[in-house]
Amino acid sequence: MSDMYNNYNSDPNNGDEYNQNGENYSYYSGGNSPQKPKKPKSHTALKAIALILSVGIGCAGGIQLYRFMGDSNIKLTDESEKNQEETSKAENSSNGSEKTPSVPEPQNLPGLFDIASRTDAKYLPDIVDEIMPSVAGISSTFEVTYSNTNSISPWGWGFQSQPETREMVGTGTGIVMTEDGYIVTNAHVVYTDEYNAGEAKEVSVLFSDEKEYDAKIIAFDVETDLAVLKIDASGFTPATFGNSDELRVGEIVIAVGNPLGFELFGSVTSGIVSALNRQISINEKNMTLIQTDAAINSGNSGGPLLNSCGQVIGINSAKMSSSYGTASVEGLGFAIPINDAKAIIDDLISKGYVSGRPQIGVSTVDITETYSSYLGLPMGVYVRMVAEGGAAEEAGIKEGDVIIGINDEAIATADELNNIKNQFKAGDTVTLKIYRNGQDLDFSLVLQDAHDEMNPEQSEDKTKAADSDDNSDSPIQPR
């Protein structure tokens with residue numbers, strides 16, 4: 001069509017002639033009558049094809065343009081963000097402030113076990129596999145004697161019945177210490193003051209392979225809540241003990257035990273060390289414990305608290321109840337540090353009691369402010385009785401004396417006296433300030449071993465029985 005257009009414009013006759021098939025035809029040609037030129041062929045099919053092709057090409061071009069613009073927009077956005085970041089940095093720099101560090105991508109953030117574990121930590125399921133043969137279920141049978149003074153007869157008359165004796169079963173957890181069957185647990189698992197039950201009459205031990213054994217109570221210590229049992233068998237798997245002094249607050253720990261009985265035998269919970277050297281008073285006994293938020297419940301008592309290497313670093317002992325006063329509490333469990341327990345366990349096995357505890361050898365009562373005014377005596381600790389042959393008698397202390405100080409520290413209660421006294425050990429010398437007949441006197445006193453002073457015969461018997469077992473080495477050996 002463009003060629004025809006050019007020919008038309010360049011024709012000198014300005015379109016008066018039409019060239020077709022090599023012949024010239026003129027509308028006004030001299031002497032000849034003009035003939036009507038033939039119409040050129042329209043080529044409709046070719047035009048339609050061309051139109052379709054042009055539309056297709058246009059659409060394809062549009063798609064490519066859209067893609068290009070899309071790519072272009074992403075790049076422009078990145079460039080824009082980059083420019084904005086550079087601008088922001090420049091503004092911060094000019095203002096003298098630094099940009100807040102960027103937060104790592106979520107997929108790059110470490111988990112709790114990663115950030116709270118030791119550098120030599122083990123895979124958690126491997127820790128469980130290793131400790132489970134060393135975890136024991138403890139079942140203790142107690143004889144409970146009580147009398148029912150409020151019984152009602154069928155006729156409605158009240159009467160006092162004869163004392164009744166029943167059996168009560170308690171459960172806990174223990175840790176295998178040696179291949180020949182020494183097991184450590186809590187004292188309250190095998191001894192209780194409730195209903196005047198005292199020491200358990202029978203103790204049995206159950207393992208994860210469902211084998212059950214009878215056990216003998218070697219000794220227990222209520223003050224530290226520790227007890228040692230012995231199975232008359234061998235071939236057991238001892239636990240690996242670690243160093244509780246290496247613990248850090250925030251470090252991950254794992255608790256294993258039998259909460260609420262043997263139906264949940266070998267339950268595993270985890271948490272972190274919430275605090276170290278926590279001073280807790282349990283049943284009027286002051287204890288220094290590891291605090292953790294790992295779930296510990298009734299039945300976990302005596303079970304292991306492990307570090308991330310699978311080493312026993314604590315013996316689970318207590319938890320705060322779900323209601324403490326008017327507040328609701330959760331995640332407050334406590335364990336005895338294994339380093340503190342080691343010396344106690346050694347004494348229980350070798351001597352049958354805990355040695356080295358300081359004793360003054362007096363029976364006392366506190367003089368309160370009211371009694372002080374009434375009796376005309378200073379506030380302090382009134383000596384009601386002096387143990388024969390004890391440290392106080394040897395020092396010259398008498399009944400009726402009032403202890404008002406120890407080592408130049410004033411005291412007003414027996415608890416204050418004991419808190420200072422217990423900072424020393426048997427054989428140490430302390431100075432007691434005594435009020436007597438209107439005078440303040442100082443007495444030098446050599447603290448005696450509490451067990452030797454109060455129970456010399458029992459001490460000798462238990463020592464002989466323990467020595468016969470020939471256990472000179474400690475069963476707890478850190479690895």
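In which loop does Asp225 lie? The legends below, all for a predicted model, begin with that residue.

**View 1. Asp225 in the loop between strand 11 and strand 12.** Strand 11 covers residues 212-221, and Asp225 lies in the loop that joins this strand to strand 12. Asp225 counts as buried because its relative accessibility is 9%, under the 20% limit. The phi angle of Asp225 is near 60 degrees, a positive value in a residue other than glycine. Most residues other than glycine have a negative phi. Asp225 is also among the residues nearest the centre of the second largest pocket.

**View 2. The second largest pocket and its lining.** This pocket has a volume of about 950 Å³. Its lining consists of 33 residues, and His188, Asp225, Ile282, Asn283 and Ser317 lie nearest the centre. Two or more lining residues come from each of strand 6 (164-176), helix 5 (187-190), strand 8 (191-192), strand 14 (267-282), strand 15 and strand 17. Strand 6 gives the largest share, five residues. By type, the lining has 14 nonpolar, 13 polar and six charged residues.

**View 3. The largest nonpolar core.** The core has 32 residues; those touching the most other members are Met177, Leu226, Phe241, Val312, Ile315 and Ile345. Among the elements that each supply at least two core residues are helix 4, strand 7 (182-185), strand 12 (226-231), strand 13 (252-257) and helix 6 (338-350). Helix 6 provides the largest share of the core, six residues. Beyond its neighbours within four places in sequence, Ile345 is in contact with Met177, Val184, Val228, Pro475 and Ile476.

**View 4. Ser134 in the loop between helix 4 and strand 3.** Helix 4 spans 124-131 and strand 3 spans 135-146, with Ser134 in the loop between them. Ser134 has 1% relative accessibility and therefore counts as buried. A polar atom of the Ser134 side chain lies 2.6 Å from the backbone oxygen of Thr237. Apart from residues up to four places away in sequence, Ser134 touches Gly174, Ile175 and Val176, as well as Thr237, Pro238 and Ala239.

**View 5. Asn407 in the loop between strand 24 and strand 25.** Strand 24 (402-406) and strand 25 (409-410) stand on either side of the loop that holds Asn407. Phi of Asn407 is near 50 degrees, again a positive value in a residue other than glycine. Is Asn407 buried or partly exposed? Asn407 counts as partly exposed, because its relative accessibility is 29%, and that class lies between the 20% and 50% limits.

Note on methods: Residues are numbered from 1 along each chain as its sequence is written. This is a predicted model: local features need pLDDT of at least 70, side-chain atom pairs count only at pLDDT 80 or more; totals for chains, interfaces and linings use all residues. Side-chain values use heavy atoms; hydrogens and water are left out. Helices (H or I, at least four residues) and strands (E, at least two) are DSSP runs, numbered from the N terminus. Buried means under 20% relative accessible area, exposed over 50%, partly exposed in between (1.4 Å probe, protein chains only). A polar contact is a pair of N or O atoms within 3.5 Å; within protein, one must be able to donate a hydrogen and the other to accept it, and residues adjacent in sequence count only if both atoms are side-chain atoms. Contact means heavy atoms within 4.5 Å. A nonpolar core is a set of buried Ala, Val, Leu, Ile, Met, Phe, Trp, Tyr and Cys residues joined through side-chain atoms within 4.5 Å. On a 1 Å grid over the protein atoms alone, a cavity is a set of points where a 1.4 Å probe fits but cannot get out, and a pocket is an open set with protein on both sides within 12 Å along at least five of seven lines; lining residues have an atom within 4 Å of a point. Grid points are joined across faces, edges and corners, and a volume is the space filled by probe spheres set on the points. Ala, Val, Leu, Ile, Met, Phe, Trp, Tyr, Cys and Pro count as nonpolar, Asp, Glu, Lys and Arg as charged, and the others, Gly among them, as polar.
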